[in-house]
Amino acid sequence: MSEIGNDFDGNAAPEKAHIGRRIGGYLIDAISMGLISWALSFGSALLSFILVSALSLYLFGWRMGATGVTPGKQVVGLKIVDASTGELLGSNRGLQRAGLIWIIGSAAVFPIVGLFFGLIALIDVVVALVDDRGQRVTDKIVGSVVTNA
């Protein structure tokens, strides 16, 4: 059975999240991490990259898998759950999801191959906009879906 407060009844797939909430949650997460990254950028660039990467994998991977929310998704009332059961992903699958997104995003900053990975990142987001369940490619790989909390 589902967690307390989860409206998933086991007979239907979790409801697709509202696109406005998804954008709002993403913006809160992105701006927060951007500010943290900016604050750390006054030191070593390598140390800043390592600290921001570790924090990102914790917040958007381990914590998100364990609780179903990132800070931004929590504010706007969204959660990330298993696409077929509606249950929380668990920390390992949360880290897999975040790791895929992190690898694509991090690789996009390198010359030449960055164009390829930037295109992959764009496709990942566009697929979520047109998919019936609102799943990114990375969600389909991990078996997750963003839904209303």
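Ile80 touches Met64, Gly68, Lys73, Leu88, Leu89, Arg97, Ser144, Val145 and Val146, leaving aside residues up to four places away in sequence; contact means heavy atoms within 4.5 Å. The model is predicted, so local features need pLDDT of at least 70 and side-chain atom pairs count only at pLDDT 80 or more, while totals for chains, interfaces and linings use all residues. Residues are numbered from 1 along each chain as its sequence is written, and side-chain values use heavy atoms, with hydrogens and water left out.

The largest nonpolar core has seven residues: Ala17, Met64, Val76, Leu78, Ile80, Leu89 and Val146. Such a core is a set of buried Ala, Val, Leu, Ile, Met, Phe, Trp, Tyr and Cys residues joined through side-chain atoms within 4.5 Å. Buried means under 20% relative accessible area, exposed over 50%, and partly exposed in between (1.4 Å probe, protein chains only). Another core, of five residues, lies apart from the largest one and includes Val52, Leu59, Phe60 and Ala98.

Asp82 lies in strand S1 (residues 78-82). Strands are DSSP runs (E, at least two residues), numbered from the N terminus. Asp82 is buried, with a relative accessible area of 10%. Its side chain makes polar contacts with the side chains of Ser84 (2.8 Å) and Arg93 (2.7 Å). A polar contact is a pair of N or O atoms within 3.5 Å; within protein, one must be able to donate a hydrogen and the other to accept it, and residues adjacent in sequence count only if both atoms are side-chain atoms. Beyond four places in sequence, Asp82 touches Pro14, Glu87, Leu89, Arg93, Gly143, Ser144 and Val145.

Technical notes:
Helix = DSSP H or I, 4+ residues; strand = E, 2+ residues; numbered from the N terminus.
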